[in-house]
Amino acid sequence: MAVDVGTDVLIEVEGVEKVFDVRRKAGFLRRERREVRAVDSLTFTVPRGEMVGYIGPNGAGKSTTIKMLTGILTPSAGRLRVAGIDPSRDRSRLAHRIGVVFGQRTTLWWDLPLIDSYRLMRRMYRIPDARYTENLARCVELLELEPLLEVPVRQLSLGQRMRGDIAAALLHDPEVLYLDEPTIGLDVVSKVKVRGFLRDLNAEQGTTVLLTTHDLTDIEQLCRRVMVIDHGRLMYDGELEGLHDLGGGERTLVVDLERELPPLELEMVASARVVKVEGARQWLAFPAGQSAAPLVAEIAGRYPLADLSVREPDIESVIARMYAGGASVKP
Ligand SMILES: Nc1ncnc2c1ncn2[C@@H]1O[C@H](COP(=O)(O)OP(=O)(O)OP(=O)(O)O)[C@@H](O)[C@H]1O
Ligand SMILES: [Mg+2]
């Protein structure tokens with residue numbers, strides 16, 4: 001079943017701030033008070049059905065944002081609505097509409113077999129029988145949980161536990177799913193499984209997803225839209241493609257020559273330069289906004305060219321530059 005991405009706004013964040021009052025020891029008896037502005041004038045909306053990546057360096061304010069969106073934390077200022085509900089005021093009503101996975105900790109009962117956690121959640125959320133049975137069956141099949149259901153959670157591997165947690169977050173059919181680092185510590189195969197599951201969930205059930213991760217492959221494979229936060233402030237909100245053009249992005253021309261040569265010296269295209277040489281292969285960086293054609297023409301005309309390909313700017317390096325550039329020191 002395909003679900004239309006509607007125009008209704010499911011998550012509304014307007015001028016939101018979160019300031020923590022931190023006290024720390026500064027001598028024998030003296031304590032120092034300090035304010036940490038974890039989230040600062042944050043404004044964005046997420047329409048129903050969208051899957052949005054939410055990225056930023058350590059301490060940027062991502063988890064704080066998610067905690068405010070679940071109602072665990074109350075904003076210091078600004079306005080928040082999720083499915084029309086003010087999260088911190090009506091946290092228990094909101095709980096029926098949202099699902100949350102914190103990759104760093106589990107919501108499952110540590111000592112109980114996995115299936116018992118699900119039975120408890122069914123009661124907590126008063127999930128109707130038919131819906132529970134159907135949702136559990138779907139998650140068990142797609143997340144390959146069958147052999148794990150009778151295993152106590154403490155005995156599960158990290159990847160198994162994460163799949164168990166994702167299922168737990170979805171048993172009550174939430175409209176919104178917040179994922180805070182759902183692939184952290186997972187091996188390559190488990191990451192692929194989790195991503196495939198999330199993609200299908202979003203496409204088939206129309207679940208709105210806010211995804212926080214340090215693994216940019218998650219974002220590249222799942223999200224068209226990405227938001228970048230640093231020091232509590234939104235630095236970028238737009239298509240993933242648009243990030244490529246930021247911060248003086250470069251494309252790379254990979255040139256295979258017929259034989260090993262010293263780094264190519266170009267006369268006509270001065271903006272290109274050799275960044276790496278390996279045997280008969282050379283890598284030339286040139287501005288992302290510029291056509292590769294004159295560069296290719298010059299190389300083909302002056303050197304023994306065997307093959308070539310163009311690579312788009314590597315998103316990792318664009319993001320790294322962005323984090324480095326935005327790292328202003330705050331008092
Ligand atoms: N309960 C708290 N009390 C005081 N300071 C806090 C609290 N929670 C978070 N902070 C601070 O707020 C800032 C943002 O933290 P947050 O956990 O939101 O970052 P993050 O983007 O999730 O980082 P990471 O990628 O490391 O998970 C940090 O400076 C952190 O130390
Ligand atoms: Mg975090």
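Is S41 buried, partly exposed or exposed? With a relative accessibility of 39%, S41 counts as partly exposed. The cut-offs matter here: buried means under 20% and exposed means over 50%, so a residue in between is called partly exposed. I will come back to S41 in a moment. Before that, please keep in mind that this is a predicted model.

Let me start with the overall picture. The protein chain has 331 residues, and 45% of them are buried. Its C-alpha atoms fill a box of roughly 75 × 55 × 45 Å, taken along the principal axes. In terms of secondary structure, the chain contains 10 helices and 13 strands. There is also a figure for how the chain folds back on itself. Take the contacts between residues at least 6 apart in sequence: 69% of these join residues at least 24 apart.

Now back to S41. This serine is found in strand β2. Its phi is positive, about 35 degrees, although S41 is not a glycine. 

Strand β2 also takes part in the next feature. The structure holds one aromatic pair. The two rings belong to F44 and Y54; their centres are 6.2 Å apart and their planes are at 45 degrees, so the pair is described as tilted. Where do F44 and Y54 lie? F44 is in strand β2, residues 31-47, while Y54 is in strand β3, residues 51-55, so the pair ties together parts that are 10 residues apart in sequence. Both F44 and Y54 are buried.

Another ring to look at is that of W283. The charged end of K276 sits over this ring, 4.3 Å from its centre.

Next, the helices. Helix α1 covers residues 62-70 and is mostly covered, with seven of its nine residues buried. Among the buried residues of α1 are K62, I66 and L69. Just after α1 comes G71, which has a positive phi of about 95 degrees.

Next, how helices pack against each other. Two packed helices are described by the angle between their axes and by the distance between those axes.

Helix α3 runs over residues 114-124 and helix α5 over residues 158-170; they pack at an angle of about 15 degrees, with their axes 10 Å apart. That angle makes α3 roughly parallel to α5. The crossing of these two helices, α3 and α5, is right-handed. On the α3 side, the contact is made by L114, Y118 and M121, and on the α5 side by G164, A167 and A168.

The second pair is α5 with α6. Here the angle is again about 15 degrees, and the axes of α5 and α6 are 11 Å apart. So α5 is roughly parallel to α6. The crossing of α5 past α6 is right-handed. Which residues meet in this pair? From α5 we have R163, I166 and L170, and they meet V194, F197 and L201 in α6.

Helix α4 spans residues 129-142, and it packs with α3 at an angle of about 145 degrees, with the axes 11 Å apart. The contact is made by I115, Y118, R119 and R122 of α3, together with D129, Y132 and L136 of α4.

To finish, two residues in loops. E181 is in the loop between β6, residues 176-180, and α6, residues 188-205. Phi of E181 is near 60 degrees, a positive value in a residue other than glycine. Is E181 buried or exposed? E181 is buried, at a relative accessible area of 10%.

The other one is D215, found in the loop between β7, residues 208-212, and α7, residues 216-222. At 17% relative accessibility, D215 counts as buried. What is D215 in contact with, once its neighbours within four places in sequence are left aside? D215 is in contact with T183, K191 and R195. As for L142, D215 is 73 residues away from L142 in sequence and 22 Å away in space, C-alpha to C-alpha.

Notes. Residues numbered from 1 in each chain as written. Chains lettered and ligands numbered in written order. Predicted model: local features only at pLDDT ≥ 70, side-chain atom pairs only at ≥ 80, totals over all residues. Heavy atoms only, no water. Phe/Tyr/Trp six-rings, centres within 6.5 Å; stacked < 30°, edge-to-face > 60°. Helix = DSSP H or I, 4+ residues; strand = E, 2+ residues; numbered from the N terminus. Buried < 20%, exposed > 50% of the residue type's maximum accessible area, 1.4 Å probe, protein only. Lys NZ or Arg CZ within 6 Å of the ring centre and 35° of its normal. Axes fitted to C-alpha atoms, helices over the stretch in contact; angles between N-to-C directions. Parallel < 35°, antiparallel > 145°, perpendicular 65-115°, else oblique. Left-handed = near helix turned anticlockwise from the far one by under 90°. Contact = heavy atoms within 4.5 Å.
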